[in-house]
Amino acid sequence: TEESTARLAEELARRWPGRRFAILFASARGKRWREALSRIVPLADQVVVTELSDTTSEDAGTISDWLRSRGVRVRAVPGAADGLARLREHAGPRVVTGSFHLVGEVRAQVP
């Protein structure tokens, strides 16, 4: 939800003041992803957008287009593994958010 994303953004800003983050994001279909992203995008260096493998998700291209229209550096990738690989290229802090399905998928891939 946008409330939980706002709390996440507040905590990130508190723990790493002035830092920019690479964010991996996906959203289940029908969720308020624009509102959620609006809360955390101000902290983003880049956003990697993907789709969910285990539930119906919003189109990564649609989300990417929306982010680009707001001046955000964004890249769409086909799955969580590709998204995780892109996050690992970022030297700074990295965040996985959006859907708990995505977080679970990524967590299973991190040793």
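What separates Arg-68 and Asp-65 in helix H3? They are three residues apart in H3 (residues 60-68), so about one helical turn lies between them.

## Basis

This is a predicted model, in which local features need pLDDT of at least 70 and side-chain atom pairs count only at pLDDT 80 or more, while totals for chains, interfaces and linings use all residues. Residues are numbered from 1 along each chain as its sequence is written, and side-chain values use heavy atoms, with hydrogens and water left out.

## Salt bridges

A salt bridge is a side-chain nitrogen of Lys or Arg within 4 Å of a carboxyl oxygen of Asp or Glu. By this rule there are eight salt bridges.

Glu-2 and Arg-32 form a salt bridge at 2.8 Å, N to O. Glu-2 lies in helix H1 (residues 2-15) and Arg-32 in the loop between strand E1 (21-26) and helix H2 (33-40), so the pair ties together parts 30 residues apart in sequence. Glu-2 is buried at 17% relative accessibility (buried is under 20% relative accessible area, exposed over 50%, partly exposed in between; 1.4 Å probe, protein chains only). Arg-32 is partly exposed at 49%.

The side chains of Arg-68 and Asp-65 also meet in a salt bridge, 3.4 Å from N to O. Arg-68 is partly exposed, at 44%.

## Helices H4 and H5

The axes of H4 (residues 80-88) and H5 (residues 100-109) come within 10 Å and cross at roughly 70°. The two helices are therefore roughly perpendicular (65 to 115 degrees).

How values were computed
Axes fitted to C-alpha atoms, helices over the stretch in contact; angles between N-to-C directions. Helix = DSSP H or I, 4+ residues; strand = E, 2+ residues; numbered from the N terminus. Parallel < 35°, antiparallel > 145°, perpendicular 65-115°, else oblique.
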